Amino acid sequence: MAVLIQFTTLIVRIDRLTAVAPDGVARIQANWSPSWRDEHLLAVAFMDMGARDLAAELEAMGLVLRDTSSGTRVWRDICVVDYYEGPTNPCPWMEVDLAQHVAWLKGTAPGQIAGPDHAHEEAPLRVSPEQFNKLLAEQHGIGVAQPAAKPKPAKPRRQRADHEAVLLPLAQQIAAQLLQVIPLSAKLEAVVFAAHFPQRGENVRAGLLIHELEGQQHVFRLKHFTEETRRLLDVLSRYDGDNRLTSIEIKIAGDGRCTTSFGIAPPLSAEALRELLQRRFGGLPEARPPTLPAARGFTGWIRSLFAPKLKLYPLPVLQHVPQLEPLALLLDPLDRIDEGWDDEPEPTPIASQRPAGGAPVFDLAALHALEAARIGAAPASPRPAAPPPSGAQLVVPDREGVLIAEVRELQREPLAELHRRRPELRFDPLSEHLTRDLSAFGLGELHFRAWNGQITGMAVRREGLASLDELLAALAPVLAALGGMGPVAQGLGHRWPPPASEAQPVTLDELRRYLVPDSPHGSKVYPCWLSGAPANATVSLDLSTILLPDGRPSFDWAVLVTLI
């Protein structure tokens, strides 16, 4: 079999992963998505720099990422593959077909291709056959004969600011049109509007109104849109960019905040779009905004005169939230993807140190044999025990806490199903999180996280504490909520600490030594892994500090729970 390549894909050899971690495949598939596998390779796709985080986790498990013993950096136990260019370093144990965007273990037959479960997770970057042949010619010197085409007039290259100048004003006009179809009797919580463009000039759309009714959130499906909305969507569907725009989503909060996201992923059909909204918002009961009964006959008209007046709400004033990333990041062509794995320079072979024939400077097998003989001949003396920690410590009470109770109840299920099972949870339609108010415990809001409509974990955090002493005071209710789970010291000082199985006290002196805002990168995060978590989850207490622009430090804490 073979695995599909999408975006930047990190591929792991399953035999080498299971050799160092028998449950490694299950752990990676549970914690990282989207992922897929065949009998030899496990693939995880990324649209950002997240592949570096997974690589660090695999290295902590015991895998060796790269090998430079031959004088050339090559992938050893993993391989990072670019959608267009193939492996970012040479990979002697894998074969890649760039035309089909698939990879398989060298020496095996490709056969059936393993890929993601959902079509919308496919790689969004599409190129024409002519563009792809040009890429092949540039990268591998391969040319494919093409019939002579009539030369087209040169099109001026789109500037990076053109996307913002054209698409964002269109989205703002659509948002203004959406407010015109909202009943004034609805106490607005949010408007969610999604449109996809399967073909040029074609659009499918769906809209939801989330409103409050008798103190509870309800959803009302928008079925009618203004003619101006349809005209603007037609303009968007015909947008002439370097990559075809295929989707747009607009969210309007009850206070008027309006956000927009654009996509170039494979577009959804009308049925698939409805299913997507059902997975995300199916936990909310459907109900229309309140309306007065129609007056029928003379007695109905008399009753309407004495009926209670219908309360009307003013429409919000739109406040458009700026894009987090420039649209050019998505819609301009990507010449190549450079992960920038490290700043390590390529090893330069020194002729005087290398035997003829290109052999490495030293024999790695001989080095291993010498090390084995040294260990066998003179066993290492036992390492002296570390002195017990002294001073005040982070203390977790033994009694049951509200957070550990939530962790034990957490399970992988659809977001909508969790909402139906626990109607007391509040749904945040903008972030698409279920939340629980824990202010009575001094913790703020607990957020249940989801990916593709499936619960993956939960988090609660507090930011902007002015001093370390204020952070320590704020940790008291956190530790009480985590009752029965002990912080461990291995996490301090490491961004990706190894798994911990035994609780080791963390002293406040250690926190003072590590949590100092002197990082040249502007922030530090030091997680304390917590023991005592259920078998289906990992729990960490992240303590961090950043240096604000005015030079003042800011301290944060966060409890992160991830299902495995």
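Mentor: Let's start with a helix pair: H2 passes H3 in a right-handed crossing.
Trainee: Which residues of H2 and H3 make the contact?
Mentor: On the H2 side, Arg27, Ile28 and Asn31, and on the H3 side, Leu54, Glu57, Leu58 and Met61. By class, four residues in that contact are nonpolar, one is polar and two are charged.
Trainee: And at what angle do the axes of H2 and H3 cross?
Mentor: Roughly 160 degrees, and the axes come within 12 Å. H2 covers residues 24-31 and H3 covers residues 50-61.
Trainee: So how would you describe H2 and H3 relative to each other, roughly parallel or roughly antiparallel?
Mentor: Roughly antiparallel, because the cut-off for that label is an angle over 145 degrees. Do keep in mind that this is a predicted model.
Trainee: Noted. Stepping back, how many helices and strands are there in the chain?
Mentor: The chain has 14 helices and 25 strands. It runs to 564 residues, of which 42% count as buried.
Trainee: What about contacts in the chain between residues at least 6 apart in sequence?
Mentor: Of those, 66% join residues at least 24 apart.
Trainee: Let's switch to strands. Why is E13 described as largely enclosed by the rest of the structure?
Mentor: Because seven of its ten residues, in the stretch 204-213, are buried. E13 also pairs with E12 (residues 187-196), in the antiparallel sense and over nine bridges.
Trainee: How does E17 run against E16, parallel or antiparallel?
Mentor: Parallel, and two bridges join E16 to E17 (residues 319-320). There, arginine 257 stands opposite glutamine 319.
Trainee: Last topic: which residues in H11 are buried?
Mentor: Val402, Leu403, Ile404, Glu406 and Val407 are buried in H11.
Trainee: What covers the buried residues of H11?
Mentor: The cover includes strands E19 (433-437), E20 (445-451), E21 (454-465), E24 (537-547) and E25 (553-563), along with helix H13 (468-481).
Trainee: And arginine 408, how does it count by relative accessibility?
Mentor: Arginine 408 is found in H11, residues 402-409. It counts as partly exposed, because its relative accessibility is 47%, between the cut-offs of 20% and 50%.
Trainee: Which residues is arginine 408 in contact with, leaving aside its neighbours within four places in sequence?
Mentor: Glu400 and Pro534. Also, the C-alpha atoms of arginine 408 and alanine 535 are separated by 9.2 Å, although these residues are 127 apart along the chain.
Trainee: Great, thanks for the tour!

Technical notes. Residues numbered from 1 in each chain as written. Predicted model: local features only at pLDDT ≥ 70, side-chain atom pairs only at ≥ 80, totals over all residues. Heavy atoms only, no water. Buried < 20%, exposed > 50% of the residue type's maximum accessible area, 1.4 Å probe, protein only. Helix = DSSP H or I, 4+ residues; strand = E, 2+ residues; numbered from the N terminus. Pairing = 2+ DSSP bridges. Axes fitted to C-alpha atoms, helices over the stretch in contact; angles between N-to-C directions. Parallel < 35°, antiparallel > 145°, perpendicular 65-115°, else oblique. Left-handed = near helix turned anticlockwise from the far one by under 90°. Contact = heavy atoms within 4.5 Å. Nonpolar A, V, L, I, M, F, W, Y, C, P; charged D, E, K, R; others polar.
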